[in-house]
Amino acid sequence: MTAAEAGGPAAAGMTADGAAEAAAAVPGAGMVADSGGAAGPQSRTSDIVPGPGGVMTDEVGVVTGDLTLRTEYADGTVTLRVQYKDADEWYVVTGTSVALADPAWLDAVHGVAVGLLHRPEG
């Protein structure tokens, strides 16, 4: 049984003379540094074709036709945005900036948004 299995300190390596290495604290061990981890900004995108009423946006009113939907998560908030396919400008879908308790739910929120807004048959 190793020291770690017995609940004691475990060494992180070996020494050149074969003597047991003293346990050492390693600041940040096991942490991800600045890699856009689960708590960082994230987004999902899908191309959609809305139904006859289009999609209402805060900036320009109703948009219709071939669109790209982006579901963004940042700082505890999820926001839906749309753009005309391959355009540069993004518009906030009216009423869609809301708190999201767990960024792991981003895929589910995006799936629901696509299901509601993508209506190519009307």
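The protein chain has an accessible surface of about 7,900 Å², and 56% of it belongs to carbon and sulfur atoms. Areas of this kind come from the Shrake-Rupley method with a 1.4 Å probe, and for residues only the protein chains shown count as cover. This is a predicted model, in which local features need pLDDT of at least 70 and side-chain atom pairs count only at pLDDT 80 or more, while totals for chains, interfaces and linings use all residues. Residues are numbered from 1 along each chain as its sequence is written, and side-chain values use heavy atoms, with hydrogens and water left out.

Start with the layout. The protein chain holds 7 strands and 1 helix. Read from the N terminus, the order is β-β-β-β-β-β-β-α. Both kinds of element are DSSP runs numbered from the N terminus: helices are H or I with at least four residues, strands E with at least two. Of the 122 residues, 25% are buried. Buried means under 20% relative accessible area, exposed over 50%, and partly exposed in between (1.4 Å probe, protein chains only).

Now look inside. The largest nonpolar core has 12 residues, including Ile48, Val63, Tyr91 and Val93. Such a core is a set of buried Ala, Val, Leu, Ile, Met, Phe, Trp, Tyr and Cys residues joined through side-chain atoms within 4.5 Å. In soluble globular proteins, nonpolar side chains tend to be buried together. Valine 93 is in contact with Val55, Met56, Thr57, Leu80, Arg81 and Val82, leaving aside its neighbours within four places in sequence. Contact means heavy atoms within 4.5 Å.

Turn to the helix. α1 has 12 residues and reaches 16 Å from its first C-alpha to its last, close to the 16 Å expected at 1.5 Å a residue. That expected span is 1.5 Å times one less than the number of residues. Leu106, His110, Ala113, Val114 and Leu117 are the buried residues of α1. They lie on the same side of α1, because they cover an arc of only 100° around the axis. The arc is that of the directions from the helix axis to the C-beta atoms. Their cover includes β1 (42-48), β2 (55-57), β4 and β5. Exposed Val112 and Leu116 sit on the face turned away from the buried side.

Finish at strand β7 (residues 98-99), where valine 98 has its place. Valine 98 counts as partly exposed, at 42% relative accessibility. Not counting residues up to four places away in sequence, valine 98 touches Gly76, Thr77 and Val78.
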